[in-house]
Amino acid sequence: RASYLSERQKQVLALLAQGFSSKEIAKTLGISPETIRKHLANIRDVLGMRRAAELSAYWHLLNTTDISSKEMPATDSEPLTPREQEVAQLLVKGFTAKEIAKLLKIAPGTAAKHRENLLKKMGNVKTGLLVLNMCRSSQMPPRSDRAK
């Protein structure tokens, strides 16, 4: 499916996967934020993915470039709680904190806090890198078949 992306869309996806915001991508590529939003909408349609974390993980899984240990730290410092493990598995599948809260029957703020704790334990990485790390360690691709 990635072969259906234009070169510009591939550039946008690569920058998104590196943690750039839409505004940062626009500034880097010298185009308007609205154009970036349109590119991202088209990328989501082509790849059938809705979440930035899914797109980021997808890009990283397709590319053979190594990610430095600074971006993907080991989790040796503090083990994940059982609830954090549940939240991590749902993040890998592309669910948002709000959707996770509904599935686990917890408050949205609690789900967001679990995600925050996960990110801290992973060395304050962005959600996309957390998802990538979880995908690589479990060999599980991000879920893109969830109902919209």
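This is a predicted model: local features need pLDDT of at least 70, side-chain atom pairs count only at pLDDT 80 or more; totals for chains, interfaces and linings use all residues.

Me: OK, at what angle do the axes of H2 and H3 cross?

Reply: Roughly 110 degrees, with the axes of helix H2 (residues 22-29) and helix H3 (residues 33-47) coming within 8 Å. An angle from 65 to 115 degrees counts as roughly perpendicular, so H2 is roughly perpendicular to H3.

Me: Which residues meet there, between H2 and H3?

Reply: On the H2 side you have Ser22, Ile25, Ala26 and Leu29, and they meet Pro33, Ile36 and Leu40 of H3. Sorted by class, that contact has 6 nonpolar residues and 1 polar one, with no charged residues.

Me: Nice. Let me zoom out: how many helices and strands does the protein chain have?

Reply: There are 8 helices and 0 strands. Read from the N terminus, the order of elements is α-α-α-α-α-α-α-α.

Me: And what share of the residues is buried?

Reply: Of the 148 residues in the protein chain, 40% are buried. The accessible surface is about 8,600 Å², and carbon and sulfur atoms account for 52% of that surface.

Me: What about contacts, how much comes from residues 24 or more positions apart?

Reply: Counting contacts with a separation of 6 or more, 67% are between residues 24 or more positions apart.

Me: Switching to single residues. Where is Ser56 found?

Reply: Ser56 sits in helix H4 (residues 52-62).

Me: Buried or exposed, that Ser56?

Reply: Buried: its relative accessible area is 3%, and the cut-off for buried is under 20%. The C-alpha atom of Ser56 is 7.3 Å from that of Leu13, although the two residues are 43 apart along the chain.

Me: Good to know. Now Glu84, which helix is the place of that one?

Reply: Glu84 belongs to helix H5, which covers residues 82-92.

Me: Does Glu84 count as buried or exposed, then?

Reply: Glu84 counts as buried because its relative accessibility is 4%.

Me: So what is Glu84 in contact with, leaving aside neighbours within four places in sequence?

Reply: Pro79, His114, Asn117, Leu118 and Lys121 are its contacts once those neighbours are set aside.

Methods. Residues are numbered from 1 along each chain as its sequence is written. Side-chain values use heavy atoms; hydrogens and water are left out. Axes are lines fitted to C-alpha atoms, for helices over the stretch in contact, and angles run from 0 to 180 degrees between N-to-C directions. Helices (H or I, at least four residues) and strands (E, at least two) are DSSP runs, numbered from the N terminus. Angles under 35 degrees count as roughly parallel, over 145 as roughly antiparallel, 65 to 115 as roughly perpendicular and the rest as oblique. Contact means heavy atoms within 4.5 Å. Ala, Val, Leu, Ile, Met, Phe, Trp, Tyr, Cys and Pro count as nonpolar, Asp, Glu, Lys and Arg as charged, and the others, Gly among them, as polar. Buried means under 20% relative accessible area, exposed over 50%, partly exposed in between (1.4 Å probe, protein chains only). Accessible areas come from the Shrake-Rupley method with a 1.4 Å probe; for residues, only the protein chains shown count as cover.
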